[in-house]
Amino acid sequence: MARLLVTGASGYIGRRLVEMAQADGHQVIILGRGSPDLHWSLGEPVPARAFVGVDAVIHLAHSWAADAEGRAGLNGDASEALAHSAFAAGVPRFVFASTNSARPEALNA
């Protein structure tokens, strides 16, 4: 089974993904503000130990506050930094659910 590092695990998609992955026997490490595993906020560097033995990073985190405060670049910049860190640590897969919308009426930038 795979060892998965998941951001955004408390969100709509993340919560269900974690449940399904664990039910299928995968080991899930949650990376986030309310994480029982590794405390982290979007935009912060990820501790190198987070990537040890990880088969895939599934990045679902998004900062609605950054959008509301006019810091729309945070989501994209932080996602790119997370991907670079994961690949530098040797993680072979990075799954990213976009943090931006193509619809002008969307709540996020």
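Contact is taken here to mean heavy atoms within 4.5 Å, and in this predicted model the buried residues of helix α3 pack against β1 (3-7), β2 (27-32), β4 (56-59), α2 (64-68) and β5 (94-96). Helix α3 itself comprises residues 73-88, and its 16 residues reach 22 Å from the first C-alpha to the last, close to the 22 Å expected at 1.5 Å a residue.

The residues of α3 that are buried are Asn-75, Ala-78, Ser-79, Leu-82, Ala-83 and Ala-86. Because they cover an arc of only 140 degrees around the axis, they lie on the same side of α3. Just after the helix, Gly-90 takes a positive phi of about 90 degrees.

The largest nonpolar core contains 18 residues, and those with the most contacts inside it are Leu-5, Leu-31, Trp-40, Val-46, Phe-51, Val-57 and Leu-82. Both β2 and α3 supply at least two residues of this core, with α3 giving the most, namely 4 residues. For Leu-82, when neighbours within four places in sequence are left aside, the residues in contact are Thr-7, Leu-31, Trp-40, Val-46, Phe-51, Val-57, His-59 and Phe-94. A second, separate core of 10 residues includes Leu-4, Val-6, Val-28 and Ile-58.

Strand β1, one of the elements against which the buried residues of α3 pack, has 4 of its 5 residues buried and is therefore largely enclosed by the rest of the structure. Strands β1 and β2 run parallel and are joined by 5 bridges, and within this pair Arg-3 stands opposite Gln-27 in β2.

Terms used:
Residues are numbered from 1 along each chain as its sequence is written. This is a predicted model: local features need pLDDT of at least 70, side-chain atom pairs count only at pLDDT 80 or more; totals for chains, interfaces and linings use all residues. Side-chain values use heavy atoms; hydrogens and water are left out. The expected span of a helix is 1.5 Å times one less than its number of residues. Buried means under 20% relative accessible area, exposed over 50%, partly exposed in between (1.4 Å probe, protein chains only). The arc is that of the directions from the helix axis to the C-beta atoms. A nonpolar core is a set of buried Ala, Val, Leu, Ile, Met, Phe, Trp, Tyr and Cys residues joined through side-chain atoms within 4.5 Å. Two strands pair if DSSP finds at least two bridges between them.
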